[in-house]
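Hello,

Please find the structure below. My notes on what turned up follow it.

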Amino acid sequence: MKNELTASFVAIVIGISSVILAFFNGIRVLSLPLGIIGVIFSLIFLIKKTKLKLFMFAFLLSIISIPIAYGMTYLTHHVNYSSIQKFQSALDSGKNVIGKTVKFKVRDTQPNSMLGFSINATGNEVAFLTTKSDAKGVKKGDIITVKVESKPAKVFGVYMISGNVEYIDASSKSFPSVKNAKSSQKSEQNTDVSKKEQTYSLHNTSFTAPTTWVKQLTDDSDDSTDTINFTLGNGYLNVHFTETDDSILDDTYRASFVSDFTNSTSNNISNAKMTNETKGDNSPSYAWYISFIQNEADYNGEIVSLDVEGGIITFTLYTSGNTFTKDYEEDFDNLLASINYTKRTGE
């Protein structure tokens, strides 16, 4: 009698647990196997006709957890993302995906004991394991590109894959606002040598940049009064002034600006993209994430264009691989926040 009561209690606990797990995204995959165990466990005692009511209750709890889990999965992840679906089809067919890249929308991110971080794909049961530093900046809703680094393993119906984040196309981005020189105090300029930054000026516009970003000497053929170039560890920063009466706030001019970049074929550039167009909150500026291929190497970064007295100043920073988000975005944000400029007459 005592053993039957204990068994019925265990069966009920399994049933309740499987139902509860069905309602939580991160652990829903455990609901199905637990529900199946609960069904089988309850059936064994039902066949023996012992404590029918208790085991019938446990049986019902376990069996209803299965459709609940599938139903919740559909309700929360029913959107189709063709790229990850094709990738999962390749996994299902046993194809070798090591070295391949896949672009998908992030369902959620969470710490993982195996590699430090887990990035889950929306709409499908695929999770990429990476280091916390590699996943820096990735959040729910972002569109990211990941390169597969290991053979996938299937755990409770979910493909677990070690990968490196190649590119983040964030769903939202708040770029730092630049400051008007006429309303800023000189004391606000970052000239503290201990911070290892240096101030530069171009057409009445000043900004600070890390001293590790080496300013390049310009050739005689270059208009050095309109351009400052910097060499980074594995990328470049270009600051360029364009004399014009046009405004980056003008839709027609901005469309032409984007078209000139995305259709550029100079310097062996191909597949150039500008995404996530964002208007400056407190300044006449626009910003974009950028990506392109140059000499068969991938580059990612940001462009920020700002209306100033006499024209437009554009800051373009790009680095190879996925290093921009991890190693340079914060410094670039600090540069943007340090900008002091003279507004156009009449604005």
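**The main core**

The largest nonpolar core has 26 residues. Those with the most contacts inside it are Phe207, Trp213, Phe230, Leu237, Val239 and Leu335. Bear in mind that this is a predicted model.

Strands E8 (197–202), E9 (205–210), E11, E12, E14, E15 (297–308) and E16 each give two or more residues, as does helix H6 (323–338). H6 provides the largest share, five residues. In soluble globular proteins, nonpolar side chains tend to be buried together.

Trp213 is worth a look. Leaving aside neighbours within four places in sequence, Trp213 is in contact with Phe230 and Leu237, among others. Its contacts also include Tyr328, Asp331, Phe332 and Leu335. Tyr200, Thr231, Leu232 and Leu317 complete the list.

There is also a second, separate core of 21 residues. Ala90, Phe104, Ala121 and Val138 are among them.

**The sheet**

Seven strands form an open, antiparallel sheet. The order is E10-E11-E12-E16-E15-E14-E13. E10 (214–215) and E13 are the edge strands, each pairing on one side only.

Two bridges join E10 to E11, antiparallel. Lys215 has Phe230 in E11 as its bridge partner. That is the Phe230 listed among the core residues with the most contacts.

E11 and E12 pair over five bridges, again antiparallel. A hairpin of three residues joins the two strands. Asn229 has Asn238 in E12 as its bridge partner.

E12 and E16 are joined by nine bridges and run antiparallel. Here Asn238 stands opposite Thr316 in E16.

Which residues are closest to the centre of the largest pocket? First, its volume: about 780 Å³. Of its 26 lining residues, the closest to the centre are Asn238, Phe261, Asn267, Thr316 and Tyr318.

Six elements each supply at least two lining residues: E11 (227–231), E12 (235–243), helix H5 (251–262), E13 (269–279), E14 (285–294) and E16 (311–320). E12 gives the most, with five residues.

By class, the lining has 13 nonpolar, twelve polar and one charged residues.

Best wishes

Technical notes: Residues numbered from 1 in each chain as written. Predicted model: local features only at pLDDT ≥ 70, side-chain atom pairs only at ≥ 80, totals over all residues. Heavy atoms only, no water. 1 Å grid on protein atoms, 1.4 Å probe; cavity = no way out; pocket = protein on both sides within 12 Å on 5 of 7 lines; lining within 4 Å. Points joined across faces, edges and corners; volume = space filled by probe spheres on them. Helix = DSSP H or I, 4+ residues; strand = E, 2+ residues; numbered from the N terminus. Nonpolar A, V, L, I, M, F, W, Y, C, P; charged D, E, K, R; others polar. Core = buried A, V, L, I, M, F, W, Y, C linked by side-chain atoms within 4.5 Å. Buried < 20%, exposed > 50% of the residue type's maximum accessible area, 1.4 Å probe, protein only. Contact = heavy atoms within 4.5 Å. Pairing = 2+ DSSP bridges.
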